[in-house]
Amino acid sequence: MSIGRITMMEWTSEEAMLAAEKHYLSIQKEAFPNAELVINVQTGPCSQMSLAIYPSYEAAEKTLAGREEYQASQQGVVKDSFYYEGDLRMFLQKPDSNIMATYSYKDVK
């Protein structure tokens, strides 16, 4: 069964948050190769909720070293960060949806 990892992060400034997004794009393939889906939602001026879907707990666990490195790279600009994990119970996507975001997989280096 697929699992989801929900990470909540709050930065010291919006600029730090935007820089963190760009940094994430530059390391995503190497640090989080098992992520099948990543959705980031800006929940406040300096905060985000990130949902990453992995094929299994084992696959998600293999990314924890990359997650720790990413978190370390944000030291000094992150006020708070924590995550939850759990079984993916529902995934619905409207077949004719047109989901638009600032970044997409084509932006990953």
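For the lining described first, Ala, Val, Leu, Ile, Met, Phe, Trp, Tyr, Cys and Pro count as nonpolar, Asp, Glu, Lys and Arg as charged, and the others, Gly among them, as polar. The structure on screen is a predicted model.

**Stop 1: the enclosed cavity**

Begin inside the protein. The count of cavities of 30 Å³ or more comes to 1, and the volume of the largest cavity is about 260 Å³. To centre the view on it, select T7, M9, Y24, S50 and Y70, which lie nearest its centre among the 19 lining residues. Then colour the secondary structure elements: β1, α1, β2, β3 and α3 each give two or more residues to this lining. Strand β3 provides the largest share, with 5 residues. Coloured by class, the lining of the largest cavity shows 11 nonpolar, 5 polar and 3 charged residues.

**Stop 2: helix α3**

Next, select residues 64-73, which form helix α3, and highlight G66, R67, Y70 and Q71, the buried residues in this helix. Turn the view until it runs down the axis of α3: the buried residues fall within an arc of 140 degrees, so they line one face of the helix. Now select E68 and E69, which are exposed and sit on the face of α3 turned away from its buried side. To see what the buried side meets, display β1 (3-11), α1 (14-31) and β4 (78-87), against which the buried residues of α3 pack.

**Stop 3**

In soluble globular proteins, nonpolar side chains tend to be buried together.

Which residues does Y54 touch beyond its neighbours up to four places away in sequence? Its contacts are S2, I3, R5, F32, N34, A35, E36, A59, A60 and T63.

**Stop 4: M49 on strand β3**

Move to M49, a residue of strand β3. With a relative accessibility of 25%, M49 counts as partly exposed, because the partly exposed class lies between under 20% for buried and over 50% for exposed. Draw a distance from the C-alpha atom of M49 to that of M9: the separation in space is 6.5 Å, although the two are 40 residues apart in sequence. With neighbours within four places in sequence left aside, M49 is in contact with I6, T7, M8, I39, N40, V41 and T43.

**Stop 5**

Select A16, which is in helix α1. A16 is at 10% relative accessibility and therefore counts as buried. Beyond residues up to four places away in sequence, A16 touches W11, Q74 and V77. A C-alpha distance from A16 to A31 reads 20 Å, for 15 residues along the chain.

Then select L25, also placed in helix α1. Is L25 buried or exposed? L25 counts as buried, at 11% relative accessibility. Show Y103, D107, V108 and K109, which L25 touches when residues up to four places away in sequence are not counted. The C-alpha atoms of L25 and Y105 are 8.7 Å apart in space, while 80 residues separate the two in sequence.

**Stop 5: the largest pocket**

Helix α1 and strand β2 (37-44) are the elements that give two or more residues to the lining. By class, the lining of the largest pocket has 18 nonpolar, 7 polar and 3 charged residues.

**Stop 6: the segment after β4**

Finish at L92, placed in the segment after β4. L92 has a relative accessible area of 72% and is exposed.

How values were computed. Residues are numbered from 1 along each chain as its sequence is written. This is a predicted model: local features need pLDDT of at least 70, side-chain atom pairs count only at pLDDT 80 or more; totals for chains, interfaces and linings use all residues. Side-chain values use heavy atoms; hydrogens and water are left out. Buried means under 20% relative accessible area, exposed over 50%, partly exposed in between (1.4 Å probe, protein chains only). Helices (H or I, at least four residues) and strands (E, at least two) are DSSP runs, numbered from the N terminus. The arc is that of the directions from the helix axis to the C-beta atoms. Contact means heavy atoms within 4.5 Å. On a 1 Å grid over the protein atoms alone, a cavity is a set of points where a 1.4 Å probe fits but cannot get out, and a pocket is an open set with protein on both sides within 12 Å along at least five of seven lines; lining residues have an atom within 4 Å of a point. Grid points are joined across faces, edges and corners, and a volume is the space filled by probe spheres set on the points.
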